[in-house]
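Subject: A structure for you to look at

Hi,

Here is the structure I promised to pass on. Have a look at it first, and then read my notes below.

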Amino acid sequence: MNKDNMIEKRSWLSHGLFRVLTTAVLCAWMAESVSAFEVNGIEPPHWWTGMKDTSLQLQIHGKDIRPAEVKIEYPGVRLDSVARLDGSPDWQYIYLTVTPEARPGKMKIEWREGKKKVSKEFELRARRPQKGAQGFSAADVLYMVMPDRFADGNPSNNNSSTLNHNVGADRTNPNTRHGGDLRGLINHAAYIDSLGMTALWVAPVLENDMPGGSYHGYATTDYYRVDPRFGTNEEYVELIDTLHNRGIKTVMDMIFNHSGDNHPWMSAPPSSDWFNNGNKYKQTNYRLSTITDPYASDYDRSMTQDGWFVKAMPDLNQRNPHLMKYLIQNSIWWIEEAQIDGIRMDTYPYADEKEMGRWIDAVKAEYPAFNIVGECWLGETAGEAYWQTGSPLAAAKGSDTRLPVVMDFPLMIKSRGMAPYFEETDPWNGLNKIYDHIALDYVYPDPLNVLRFLDNHDTERVLLEVPDSLAQWKQAITILMTMPGIPQLYYGTEILMHGTREGGDGNVRKDMPGGFPGDTTTVFTREGRSPLENEAVDYISALGRFRKGSKAIAEGGMKHFMPDNGIYLYQRGSGHDAVVVMMNGQDSENEVDMSRYAEIIPAGKKYRDVITGETVVIRPESGTYTFAPRETRVMVEM
């Protein structure tokens, strides 16, 4: 072999060896690259031993975590399966059984792929003594607050460097964050107690890491973290403990129909059907009638429930079993962690009816006394009644609704500005409309589990402007607080907050004066309120205190008389455990023959007005009673 051939052969061998070595290195690098997964988050962040439902889902989030093998060895805990979905590789779902034999402690979870191994600890905790999960009922009065607008107890958290969209407080703009927080609610728990409120419905407090700030809280981006501009998870627990120590329950506002579009799910959906419409934006038609309509097209019904509420709130697909398990566990986690007493579920009918029923069953199985109210925004009583547990209207359609409490939106709609109910007009208007509305309660399986309200954060205030007199306002409040059902007051009602939604929702979500640094007046003290505001606070407080001890209001039935000559009269309860309410819908003095009301309030019998303490009696010699203009009485037998 000549020299040239030898050089050529050596060159070929060297090149071949180089290629072999290069290929080996490349393969090793590729293998390492493929196995370079990460574990960045585990949800829920911890769990408990001794739960009735022994199944547990762990959502694992991290770069390319999907294919990694999982190993768990912990006494009393069994690894059942690992779900690897068809969406982003950055999600994995582990299913465990936490048997009754499992004890509190930190269990090690190990992931392995190729040569890469990652270990994390997950804590199983002992359940603390249960003070929550009490539920709420017609014995309660719910006080609904928007934390951002109630009180700023910690101005230092108005900005948060931990958020991608750090939108701070700007009180000059009615439609952005103002800085109210959980510390502000804790600081004013005594004020809420003084109103006679027995339950606090707090608008959503979970993280809303959204470009506009999402002060209202209805665009969740983390289901296990309180938004840092409201405070911390620990402060949320502190708030609930503080309220429980005062005998006040807490209702947590949740949203399972949609998330915020800055939730990590949206940028990398775990599956192709995690959000409705193939994870693509398609807006709902907002027509809830399609769900109950016996003639509705499949298309219209689908667009109602599967369409997105708005583009920034992608519509969650509750029919995905992994997502629904996540949502069910999230509810149970907050009940156990924070010891909330009830849930208000936002946009309830827009989610899948069957799956939401399964959610309610799961929550009630774990906490039998727990109660849930769903937002079903319909304009007719029959539409509301359809959604309540045991509704024959739903059964006739082949549905089996599970929702314990529905909201009386028809009452709110008809009472806007109070004029339709409380103006002095012909006999077919005014208080007759109250009578006609309550007379429809027969469609509800359980009228005591209907949430009655005059306004809330999504509606115009029941007062469009400050009144000269509280006579009509008191009649509205009296009806709300004494009718069958669960009354809900919107924060600020007690100080005569007013306004319309013209110009934005911020106009009906105003700040409580005195709750924020720099305020020159405060409504949290008697000295800071006007005489008219004090009169309103005193009236609500008196009714609230009375309701706390009244079984007639909490459990009793109702008998009412059709309004005649402007007089509306009704009784709650029966026998000696009874409350009699009567009101004059006229703006003038009104002498009335009371004989038609004898079955409820006989002549000569003495009654005590629970608000004023005055004695009320129907004159036995004439059988008449002279009502003062717009007089309202709430009375018990002496």
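How do the residues of the lining of the second largest pocket divide into nonpolar, polar and charged? They divide into four nonpolar, ten polar and five charged; here Ala, Val, Leu, Ile, Met, Phe, Trp, Tyr, Cys and Pro count as nonpolar, Asp, Glu, Lys and Arg as charged, and the others, Gly among them, as polar.

Before you go on: this is a predicted model, in which local features need pLDDT of at least 70 and side-chain atom pairs count only at pLDDT 80 or more, while totals for chains, interfaces and linings use all residues. Residues are numbered from 1 along each chain as its sequence is written, and side-chain values use heavy atoms, leaving out hydrogens and water.

**Pockets**

A pocket is an open set of points on a 1 Å grid over the protein atoms alone, where a 1.4 Å probe fits and protein lies on both sides within 12 Å along at least five of seven lines; lining residues have an atom within 4 Å of a point. The second largest pocket has a volume of about 360 Å³, counted as the space filled by probe spheres set on the points, which are joined across faces, edges and corners. Among its 19 lining residues, Glu43, His61, Thr221, Asp222 and Pro264 are the closest to the centre. The largest pocket has a volume of about 540 Å³. Its lining has 23 residues, with Phe309, Thr347, Glu375, Trp377 and Asp458 nearest the centre.

**Core**

A nonpolar core is a set of buried Ala, Val, Leu, Ile, Met, Phe, Trp, Tyr and Cys residues joined through side-chain atoms within 4.5 Å. Buried means under 20% relative accessible area, with a 1.4 Å probe and protein chains only. The largest such core has 166 residues, and Trp111, Tyr143, Phe150, Ile340 and Trp359 are those with the most contacts inside it.

**Rings**

Across the whole structure, a search finds 30 aromatic pairs, meaning rings of Phe, Tyr and Trp (its six-membered ring) with centres within 6.5 Å; planes under 30 degrees apart are stacked, over 60 edge-to-face and the rest tilted. Phe150 and Tyr491 are edge-to-face, because their ring centres are 6.3 Å apart and their planes at 75 degrees. Both residues are buried. The charged end of Arg461 also sits over the ring of Tyr491, 5.2 Å from its centre; this calls for NZ of Lys or CZ of Arg within 6 Å of the ring centre and within 35 degrees of the ring normal.

Enjoy exploring!

Notes
Buried means under 20% relative accessible area, exposed over 50%, partly exposed in between (1.4 Å probe, protein chains only).
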